[in-house]
Amino acid sequence: MLSLILKLTLAPILVVLATVIARRLGDRVGGLLSGFPVIAAPIALIYSVEQGPVFAAEASSAAILGLVPSTVFSVVVAWAAARDSLIASLGLGTMAYALTLAVAVSFHPSISASAAVALLSIVVVYVFLKRLPRSGSRRNVGGDLLLWRVALTILLVLALTAAASQLSPHIAGLLIPIPIITAVMAGFTQVRSGGAAVRDLLQGLVLAYLSFLTFFVVLATELTRTVPIAAFAAATACSLLAWASLVIATRPSRN
């Protein structure tokens, strides 16, 4: 019963909160909120409850490496969206994600090695997005597909956690950062506001992946050392600290 309650409430509530805040503060802030592990953390928690802390620790380690395909997806989508082609941007992004994920499946690096690769991927993609020309139209047709986001979040959590018992911890973990919600947000942002807004959204999201990385590095490490509740508490605290630091460091100057 506890795991079912978590599946149906925790991640959707966090998605609603992120969406409402993003409405008021813009696409880049929306990306910063979306890059925080609002869906991934509940999935990892459910893994721990249903499959045990050993499974959750291995999956958390793989989730770090799983950030690489997700950053590849983001950069390809942003590049294609600048040309105002929704089908091309999501199609090419999905293909790039699938190819990178297929490569990642064959590797089982240590936590530190995975973290180094993921960090390099985040930095390279963020720099590329910063330098990407602000081409593409910017428009505003309103709406944010909140109900669709909540529905897809619930389906994603149910699907991944149901499949976990049939998957190895490595594959289950690699799929934790699967960019389904990112695709929904990027696609609708492109329709609503144009390619330049997608660039802003994904720039914030990729930067916030540093908080995602922090969460899973701490979680994968602490789950092997202490009880799950303490591991999740430490991972959440460190991730929030990292995310808050990013927000403060990148807030626009008023001068």
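The dialogue below goes from the overall fold to a helix pair and then to the salt bridges.

Modeller: Please keep in mind throughout that this is a predicted model.

Biologist: How many helices and how many strands does the secondary structure of the protein come to?

Modeller: There are eleven helices and zero strands, so that, read along the sequence, the pattern is α-α-α-α-α-α-α-α-α-α-α. Of the 255 residues in the protein, 50% are buried, and among the contacts between residues at least 6 apart in sequence, 86% join residues at least 24 apart.

Biologist: Turning to helix packing, at what angle do α10 and α11 pack, and how far apart are their axes?

Modeller: In general, two packed helices are described by the angle between their axes and the distance between the axes. Here, helix α10, which spans residues 195–222, packs against helix α11, residues 228–250, at an angle of about 160°, with the axes 8 Å apart. Because angles over 145 degrees count as roughly antiparallel, α10 and α11 are roughly antiparallel to each other.

Biologist: Is the crossing of α10 and α11 left-handed or right-handed, and which residues meet in the contact?

Modeller: The crossing of α10 and α11 is right-handed. On the α10 side the contact includes Leu-207, Phe-212, Phe-215, Val-218 and Glu-222, and on the α11 side the residues include Phe-232, Cys-238, Trp-243, Leu-246 and Thr-250. By class, the residues of this contact divide into 15 nonpolar, five polar and one charged.

Biologist: And how many salt bridges does the count come to?

Modeller: The general idea is that side chains of opposite charge can pair when their charged atoms come close. In this structure the count comes to two salt bridges. In one of them, the side chains of Arg-199 and Asp-200 meet with an N to O distance of 3.2 Å; in another, Arg-225 pairs with Glu-222, the closest N and O atoms being 3.5 Å apart.

Biologist: Are Arg-199 and Asp-200 buried or exposed, and how do Arg-225 and Glu-222 count?

Modeller: Since buried means under 20% relative accessible area, Arg-199 counts as buried at 8%, and Asp-200 is buried at 13%. For the other pair, exposed means over 50%, with partly exposed in between, so Arg-225 is exposed at 63%, whereas Glu-222, at 22%, counts as partly exposed.

Notes. Residues are numbered from 1 along each chain as its sequence is written. This is a predicted model: local features need pLDDT of at least 70, side-chain atom pairs count only at pLDDT 80 or more; totals for chains, interfaces and linings use all residues. Side-chain values use heavy atoms; hydrogens and water are left out. Axes are lines fitted to C-alpha atoms, for helices over the stretch in contact, and angles run from 0 to 180 degrees between N-to-C directions. Helices (H or I, at least four residues) and strands (E, at least two) are DSSP runs, numbered from the N terminus. Angles under 35 degrees count as roughly parallel, over 145 as roughly antiparallel, 65 to 115 as roughly perpendicular and the rest as oblique. A crossing is left-handed if the near helix is turned anticlockwise from the far one by less than a right angle, and right-handed if clockwise. Contact means heavy atoms within 4.5 Å. Ala, Val, Leu, Ile, Met, Phe, Trp, Tyr, Cys and Pro count as nonpolar, Asp, Glu, Lys and Arg as charged, and the others, Gly among them, as polar. A salt bridge is a side-chain nitrogen of Lys or Arg within 4 Å of a carboxyl oxygen of Asp or Glu. Buried means under 20% relative accessible area, exposed over 50%, partly exposed in between (1.4 Å probe, protein chains only).
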